Amino acid sequence: MDAQDFADVLDAVRSFVREKVLPREDEIEETDQIPAELRQASADMGLFGYALPEAYGGLGLSMSEEVRLAFELGYASPAFRSMFGTSNGIAGQVIVKAGTGDQKAHWLPRLASGEVIGSFALTEAEAGSDPSTLTTTATRDGDDYVINGSKRFITNAPEADVFMVFARTGGEGGRGISTFIVEAGTDGLTVGPSDEKMGQRGAHTAEVFFDGVRVEAEAMVGEEGTGFRTAMASLSHGRVHIAAVCVGVAQRILDETVAYAKERRQGGQRIADHQLIQGLIADSQTELYAGRAMVLQAAEAFDSGEDRRLGPSCAKYFCSEMAGRVADRAVQVFGGMGYMRGVAVERLYRDVRLFRIYEGTSQIQQLVIARALVR
């Protein structure tokens with residue numbers, strides 16, 4: 001995509017988010033659903049395929065372009081981006097990075113158009129931060145594999161049409177894990193009720209159960225035993241993206257904070273004129289500035305192939321923690337109003353807490369960063 005076309009995409013998305021999505025955030029929170037017309041408009045704009053190759057109907061954005069798009073998407077309720085983020089990201093990237101020509105031709109155009117929704121089924125009850133210990137199995141039976149086990153906290157599971165399922169086909173550790181494409185509705189696959197979460201209403205997660213789920217050997221993505229490597233590659237991409245989303249939501253929270261501080265008066269004076277309030281605002285702006293610069297550099301190194309491990313973890317760790325601090329300061333500036341339901345910063349305060357957990361907790365990012373340096 002040339003520079004002008006990309007600039008046009010950014011302008012269109014920025015306008016759409018601020019004019020169409022923001023006014024419906026309370027509705028999303030109350031109904032726990034993304035309105036159908038917002039979903040269709042997103043599909044029409046190509047948002048279900050922004051990170052998928054142009055050859056398969058996607059926008060084919062580079063990582064450097066994708067993070068700039070994520071800055072805009074992150075400005076709205078995180079549930080809005082989540083609607084298509086998983087299909088583009090950790091689920092879709094499994095097929096992009098490891099799929100066969102037939103798998104790409106069959107699934108990527110449908111994911112890119114929004115015709116189907118993808119889901120990434122990796123996490124288990126006792127295999128979250130260290131997915132190499134997962135216990136879901138895929139046993140060879142003639143020309144098929146039979147999958148048994150369960151997954152937890154799986155984004156998009158209630159709506160998903162296709163699951164990227166990680167299951168153990170061999171021995172212990174990451175080298176015994178393989179990846180399978182499993183369609184919703186396959187005998188033995190059931191999805192539990194949507195989880196009741198602290199925040200991010202409208203973005204659905206659920207448990208997924210596999211009871212003798214039979215798939216053809218051709219459903220395997222990549223070679224047997226390469227699933228853990230495929231998962232980590234997809235997560236590395238996702239970590240840069242989530243870091244950018246954190247920058248976007250932090251910008252939104254800071255904008256809300258500054259606007260409130262300028263209109264709220266105490267003792268006949270705007271609270272924005274109080275130096276201690278200014279200190280909170282300045283700290284948030286400084287951290288936001290640093291996070292944006294970090295994401296742009298991490299994306300550039302990702303595109304060049306120079307760094308697809310350390311930079312993504314640094315960016316995701318810093319920006320997810322930064323967004324939490326910006327949200328916390330916002331509630332402090334709002335005072336009692338910041339603790340009231342129906343106020344944007346209260347909702348966003350709850351929403352951003354998840355960013356420090358998924359796509360690898362902050363503690364996992366610390367381990368990845370430190371081990372990369374001392375190895």
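Reader: In which loop is the place of Gly-74?

Author: This is a predicted model, and in it helix 4 covers residues 63-73 while helix 5 covers residues 78-88. Gly-74 has its place in the loop that connects these two elements, that is, between helix 4 and helix 5.

Reader: Does Gly-74 count as buried or exposed, and which residues does it touch, not counting those up to four places away in sequence?

Author: The relative accessibility of Gly-74 is 2%, and because buried means under 20%, Gly-74 counts as buried. In space, Gly-74 lies 8.9 Å from Ile-242, C-alpha to C-alpha, although 168 residues separate the two in sequence. With residues up to four places away in sequence left out, the residues that Gly-74 touches are Val-245, Gly-248 and Val-249.

Reader: How many of the eleven residues of helix 4 are buried, and what covers them?

Author: The buried residues of helix 4 are Met-63, Glu-65, Glu-66, Val-67, Leu-69, Ala-70, Phe-71, Glu-72 and Leu-73. That is nine of the eleven, so helix 4 is largely enclosed by the rest of the structure. The cover over these buried residues includes helix 1 (3-21), helix 5, helix 8 and helix 9 (275-304).

Reader: At what angle do helix 8 and helix 11 pack, and what does that make helix 8 relative to helix 11?

Author: Helix 8 spans residues 227-263 and helix 11 spans residues 344-352, and their axes are 10 Å apart at an angle of about 155°. Because angles over 145 degrees count as roughly antiparallel, helix 8 is roughly antiparallel to helix 11.

Reader: How are helix 10 and helix 11 arranged, roughly parallel or roughly antiparallel?

Author: The axes of helix 10, which runs over residues 310-334, and helix 11 come within 9 Å and cross at roughly 155°. The crossing in which helix 10 passes helix 11 is left-handed. Since an angle over 145 degrees falls in that class, helix 10 and helix 11 are therefore roughly antiparallel.

Reader: Which residues make the contact between helix 10 and helix 11, and how do they divide into nonpolar, polar and charged?

Author: Helix 10 contributes Ala-323, Gly-324, Ala-327, Asp-328, Ala-330, Val-331 and Phe-334 to the contact, whereas helix 11 contributes Val-345, Tyr-349 and Val-352. The residues of the contact of helix 10 with helix 11 comprise eight nonpolar, one polar and one charged.

Reader: Where is Phe-153 found, and does it count as buried or exposed?

Author: Phe-153 is found in strand 3, which covers residues 144-155, and it has a positive phi of about 60° although it is not a glycine. Most residues other than glycine have a negative phi. With a relative accessibility of 54%, where exposed means over 50%, Phe-153 counts as exposed.

Reader: Where is the place of Glu-359, and does it count as buried or exposed?

Author: Glu-359, a residue other than glycine, has a positive phi near 60°. The place of Glu-359 is in the loop between helix 11 and helix 12 (362-374). At 15% relative accessibility, Glu-359 counts as buried.

Definitions and conventions: Residues are numbered from 1 along each chain as its sequence is written. This is a predicted model: local features need pLDDT of at least 70, side-chain atom pairs count only at pLDDT 80 or more; totals for chains, interfaces and linings use all residues. Side-chain values use heavy atoms; hydrogens and water are left out. Helices (H or I, at least four residues) and strands (E, at least two) are DSSP runs, numbered from the N terminus. Buried means under 20% relative accessible area, exposed over 50%, partly exposed in between (1.4 Å probe, protein chains only). Contact means heavy atoms within 4.5 Å. Axes are lines fitted to C-alpha atoms, for helices over the stretch in contact, and angles run from 0 to 180 degrees between N-to-C directions. Angles under 35 degrees count as roughly parallel, over 145 as roughly antiparallel, 65 to 115 as roughly perpendicular and the rest as oblique. A crossing is left-handed if the near helix is turned anticlockwise from the far one by less than a right angle, and right-handed if clockwise. Ala, Val, Leu, Ile, Met, Phe, Trp, Tyr, Cys and Pro count as nonpolar, Asp, Glu, Lys and Arg as charged, and the others, Gly among them, as polar.
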